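Below is a walk through one structure, from the overall fold of a chain down to single residues. Keep the sequence at hand while reading.

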Amino acid sequence: MYTEIVMEHFTNPRNVGEIKDADGVGQVGNPKCGDIMKMYFKIDENEVITDVKFKTFGCGSAIASSSIATELIKGKTVKEALQISNKKVVEELGGLPAVKIHCSVLAEQAIKSTIYDYAQKNNKHYEELEDFDPEAAQEDHH
Amino acid sequence: MMKKRVYMDYSATTPMKEEVLEEMMQFMKTEYGNPSSLHSYGRESKNAVDTARDRIAETLNAKSKEIYFTAGGSESDNWAIKGYAFANKDKGNHIITSKIEHHGVLYTVEYLVKEHGFTATYLDVDADGLIDLEDLKNAITEDTMLITIMFANNEIGTIQPIKEIGAIAKERKIAFHTDGVQAYGNLKLDVDELNIDMMSMSAHKLHGPKGIGALYIRPGIRLHNLIHGGAQERKKRAGTENVPGIVGFGKAAELAHENLEERIQEKTRLRDKMIDGILENVPYTILNGHRTKRLPNNFNISFRFIEGESLLLSLDMVGIAGSSGSACTSGSLDPSHVLLSLGLTHEVAHGSLRLTIGAYNTEEEVDYVLEQLPPIVERLRKMSPLYEEIEGGNQ
């Protein structure tokens, strides 16, 4: 049911862990739905994401989606990271079963939530985050 | 080199035994007659069906004419419940069942409520998955016509007090159906001693073929037909008999009941070794289902902070086949209704793992699971933000 890329990322997830002095930390999802993603970003003065770590409670596709999302944004600027959509995550994974698409949505939201936290802490404003509601991202994302 | 594979999903289905397949083959190749035919081909098939019926009846302490073949457990559940409800409307319109039934029962009762004006009481279960007999007594009204409570639960293995439920039903003159799909072949069942009026069974759970099952019906219990047509099964279930399936079921039933007591002991020993081995060595684990009133082959443990599907995928990579009550494995958004009925939180229910052992599992395989499972759990927990919170709290 999963592509080889999904299984490869599930088996060898990239960037698992935490960053103690992270510049942004975001968490989305909830245990009721069966998946939670937490991301940690190190962001330098040029707004480049220099390091990314994640932790995920969830199914195979949730773990693979988080893993590939962290790969996609490492080394990118905050602005570039905000452009990454769930479609991009699905595409990079070579597809996801229809019932698992929400995992890719969660990955997109995890990125936004982490940048939102960074923006709050550093008094920054990104128009891509204008409609982003970190509270809603904790709720039902299905 | 063949990768090591350990099948521990016997409650999902079982491999057919060689002897079963052998007996079936002749009824596909050479003795293929229709049992309703007059000629010798027909008679051969008819005799084979009769023999299979005798074999099953014997295992239940029932008479052959009380066994009706169906296409499986779900059909048996549907027939017992709908057939009885429709034929006995004069006795009332209230059905009592439990919250942890198989969907074959649960959705059939829901259908009667929604479409045919019946009412239903869904009994709660305690944290071990047992119904309370007092609750049952209190739920009975003068309109109660049918009680349907499963013998042993397919997910958590808990065995209900069937004899006592049957006695209550008998005393109040209410029919009692039990879904015996998981119990039959795993436990010794005597329909008289257990006060059972109807019981659903399925062949593929006991090394028989898929697509064949049976319903035990006590004489005097009247059911409407579910499948209308020819005069097969004493005019109660139309359709040309699945002769190879029936033959296979009969043989499988016979084999399952040879040395049943010893088998139960051996499976129980392996089950307990596996349960104790995990509960003692892996922290934050919860056994689902009753510790002793439990199918001899059922292991169901929730591993906190991780999700069942990723656990199953990881186990599959080392060749271990199990199942989970996690939503992600069912295609729905909610975890198993059975686990939630025990009072588990969604998170704990999502982290459940069911392993069910069978005739071909060995001690070595149990040891392999005990060796492979803990590091997999640890690896997934290290990835989990929920575990991080707990571990952080401990520092």
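This is a predicted model: local features need pLDDT of at least 70, side-chain atom pairs count only at pLDDT 80 or more; totals for chains, interfaces and linings use all residues.

In which loop of chain B is Ser384(B) found? Ser384(B) sits in the loop between α13 (363–382) and α14 (385–394) of chain B.

Chain B contains 14 helices and 12 strands. Its radius of gyration is 22 Å, close to the 21 Å that the globule rule gives for 395 residues, so chain B is as compact as a globular protein of that length. The C-alpha trace of chain B spans about 80 × 55 × 35 Å along its principal axes. Of the 395 residues in chain B, 52% count as buried. Among contacts in chain B with a separation of 6 or more, 72% come from residues 24 or more positions apart.

Ser384(B) is buried, because 24 other C-beta atoms lie within 10 Å and the threshold for burial is 20 or more. Leaving out residues up to four places away in sequence, Ser384(B) touches Phe305(B) and Ile306(B) as well as Lys55(A) and Phe57(A) of chain A. Ile306(B) is 78 residues from Ser384(B) in sequence, yet their C-alpha atoms are 6.7 Å apart.

Two other loop residues have positive phi values. Asn195(B), in the loop between β6 (175–179) and β7 (198–202) of chain B, has a phi near 60° without being a glycine. Asn195(B) is buried, with 20 other C-beta atoms within 10 Å. In chain A, Glu47(A) lies in the loop between β2 (35–43) and β3 (49–57). Glu47(A) is not a glycine either, and its phi is about 65°. Glu47(A) counts as partly exposed, with 17 C-beta neighbours inside 10 Å.

How values were computed. Residues are numbered from 1 along each chain as its sequence is written. Chains are lettered from A and ligands numbered from 1 in the order in which they are written. Helices (H or I, at least four residues) and strands (E, at least two) are DSSP runs, numbered from the N terminus. The radius of gyration is taken over C-alpha atoms; the globule rule is 2.2 Å times the number of residues to the power 0.38. A residue is buried if 20 or more other C-beta atoms lie within 10 Å of its own, exposed if 12 or fewer, and partly exposed in between; C-beta atoms are placed from the backbone. Two residues are in contact if their C-beta atoms, placed from the backbone, lie within 7 Å.
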